[in-house]
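Good morning, everyone. Please have a look at the structure on the screen.

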Amino acid sequence: MADLEAGRMTDGCAGWQGHIIVCGLDGVGLRIVEQLYHAGVRVVVVEDDADPRLVKVARGWGVPVVAGSPRLLETLGEAGLAGAVAVICVQMEDLHTLETALLVRERRPDVRVVVQLDNPAVGRALAALSIAVLDVAGLSAPSVVEACLRTGTHDLDLDGQRFVAAHVVADRTGTLRSCYGDLAPLAVRPADGTGMEVCPGRDHPVWPGDRITLLGTPDELAAAGVRDGDEDPVERGPNRLRQAAHFAESVLHALDRRIVVALGALLGLLTLAIVVLRLGYRNADGSHMSVVDATYFGVETIATVGFGDFYFRDQQTWLRCFAIGLMVLGVLLGTSFFALLTNTLVTLRLAEALGNRRLDRLAGHVVVVGLGSVGVRVVERLRAAGTEVVVIESNENNPYAAQVRDSGVPVLFADATTPRTLDRVQLGSARAVAVLTSDDLVNLETGLAVRDQLGDRWGEVPVVLRLFDRTLAATVERTFGLGLARSTAALAAPWFVGAALGLDVIATFYVGSQLMLVGRLTVAPGGGLDGLAMQDLSARTRVVAISRQAAGGTLEHPPRRDTRFAAGDRAYLIGPYEELLQVLRRDTLSAADLPTPPAPVERPLTRNRPGQG
């Protein structure tokens, strides 16, 4: 029955034209199919071993799923390779992805090929064949790091000009224009949590406590009294003096009771020897030893070295017997002390190499749970920002563990859901926690364990959860109060979609729980945007700058709302990714092909405040 259904769903795909083939449905594949579907693009999925639940979701959108290996030309032909405009390869195995991409490129040199690969060397080789290579981990890591460090900013490079999306909290009542001038408002999140207004107009009212995301150049932000994130430089890289102090501190902590006992006994024996020699030893002239001579001779005897300047040969019998015992006990205590000290230093060095001793002195660090491809990218970026990091990983055979340890980051192999493990990584003094395993259930369980362990500090320490399903992420935020859920697939998918459609995605980032996309397009002659006024675009999409072809590429910022697009202009847009993809794709259609837009929905510009009725 399933085979018959599959046959009906894929029947006729071989004759399709202008569609996109997605090879692989697991991971980011489903999110790519979802975004292509919502953007109105015809898409076909090729998968030989997909999760039946994912296949059901894709078919629920009316997307055909071809059951077969995308590494076979016959399967790709069934999916309509001859008429496809792009092929996206996001299979779980890099080798399979590579094989599929090379097969497609050989068969269709003119088609766009976009692949997901973690290996940079192979990626560079494919790029030489005009194949777009993207890395999900590298694309999603910046958003996770920003959430952990709470930098409150996102740097954007628009035509060589630096722009910054900054998060601020309103401190007075007024409109966005009166409070922040010409800065472009991207979102307003009310302090009472009633919802978020995306890309509001500059006359939108704000009240104290509202969280606002604004876009502008660093100079514009400074003029409006908004920090751009560069005013507090972070100390980068390890300091040798600090390392030496940390090592000395580790030595003191590593000294166990046996060393203290051995050293105390050795010092007690030396003190006894000094007293006995000072009172009992007679020089040749019958005088007593001085304290310095007694100390010198006592150390000399305990260490069983002699230089002939003092000896017991002519001393009384009891003193010579004392000397025998002094030498025997001195040897035993001395060798025991140095053996224990050597063992401590060697153990300490081994522990330092494994990263475990550093756990005791961590403070103001970030705890990363899960050392997969995303986790290792997040660790690298946190280290580059000068932040101390500790990793919890459940798999002792993790291939990234040695690489991370070599960079000086402690890696603890343990269960991150247990209080003992969280105590070992000094969770109580951590500045953030990033839970980044590939299992949503494990991430949710770990997030709840972290919440319980943090106690009163919950709400002060950002806890970032990697969750695949955006609906689950929203539910988790509402139900459990785990308010920093990040979908790496949702962050990376627009890049794949943009590359497949021939569009230029510049960045993706979260504003609250809303995923925002930054895109650039060149207006095509006769396209859907040629001659269109900016005010006719979606109200939830903002044009932040235009590079005018007629003006020699001069960047116009901020553009006026009555500005019209012209062929050859490069426009930079920001908005929710679903709507921005529609705008970006709109330019590929002529004005006659554009659907009639729905009637605008009136949105109230004010909302009630406590005490306002």
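A word of caution to start. This is a predicted model. Please keep that in mind throughout.

Now the overview. The protein chain has 20 helices and 24 strands. It is 613 residues long, and buried residues make up 47% of them. What about contacts along the chain? Take those between residues at least 6 apart in sequence: 65% of them join residues at least 24 apart.

On to the helix pairs. Two packed helices are described by the angle between their axes and the distance between the axes. So we need both values each time.

Pair one is α7, residues 136-149, and α19, residues 488-500. Their axes come within 8 Å. They cross at roughly 120 degrees. The crossing of α7 and α19 is right-handed. Which residues make the contact? From α7 we have Val136, Leu139, Ser140 and Ser143. From α19 we have Thr488, Leu491, Ala492, Trp495 and Phe496. Sort the contact of α7 with α19 by class, and you get six nonpolar residues, three polar and no charged.

Pair two is α11, residues 257-280, and α12, residues 291-302. Again the axes come within 8 Å, and here they cross at roughly 130 degrees. α11 and α12 are therefore oblique to each other. α11 passes α12 in a right-handed crossing. On the α11 side, the contact uses Leu266, Leu269, Leu270, Ala273, Ile274, Leu277 and Arg278. On the α12 side, it uses Val291, Ala294, Thr295, Phe297, Gly298, Val299 and Ile302. By class, the contact of α11 with α12 has eleven nonpolar residues, two polar and one charged.

Next, the cores. In soluble globular proteins, nonpolar side chains tend to be buried together. Here, the largest nonpolar core has 55 residues. Which members touch the most others? They are Ile32, Ile88, Phe496 and Phe565. And α19 gives the most to this core, with nine residues. A second, separate core has 26 residues, including Ala147, Ala385, Val409 and Leu436.

Phe496 is then in contact with Ile32, Ile88, Val90, Val114, Val115, Gln116, Leu134, Val136 and Leu139.

Cys199 lies between β11 and β12. Its phi is near 50 degrees, a positive value in a residue other than glycine. Is Cys199 buried or exposed? Its relative accessible area is 6%, so Cys199 is buried.

Gln426 sits in the loop between α16 and β17. Phi of Gln426 is near 55 degrees, and again the residue is not glycine. Gln426 counts as partly exposed, because its relative accessibility is 24%.

Last one: Trp207, in the loop between β12 and β13. Trp207 counts as buried, because its relative accessibility is 14% and the cut-off is under 20%. Trp207 and Ala191 are 16 residues apart in sequence. In space they are 8.1 Å apart, C-alpha to C-alpha.

That's my tour. Thank you.

Conventions. Residues are numbered from 1 along each chain as its sequence is written. This is a predicted model: local features need pLDDT of at least 70, side-chain atom pairs count only at pLDDT 80 or more; totals for chains, interfaces and linings use all residues. Side-chain values use heavy atoms; hydrogens and water are left out. Axes are lines fitted to C-alpha atoms, for helices over the stretch in contact, and angles run from 0 to 180 degrees between N-to-C directions. Helices (H or I, at least four residues) and strands (E, at least two) are DSSP runs, numbered from the N terminus. A crossing is left-handed if the near helix is turned anticlockwise from the far one by less than a right angle, and right-handed if clockwise. Contact means heavy atoms within 4.5 Å. Ala, Val, Leu, Ile, Met, Phe, Trp, Tyr, Cys and Pro count as nonpolar, Asp, Glu, Lys and Arg as charged, and the others, Gly among them, as polar. A nonpolar core is a set of buried Ala, Val, Leu, Ile, Met, Phe, Trp, Tyr and Cys residues joined through side-chain atoms within 4.5 Å. Buried means under 20% relative accessible area, exposed over 50%, partly exposed in between (1.4 Å probe, protein chains only). Angles under 35 degrees count as roughly parallel, over 145 as roughly antiparallel, 65 to 115 as roughly perpendicular and the rest as oblique. Lists of a residue's contacts leave out its neighbours within four places in sequence.
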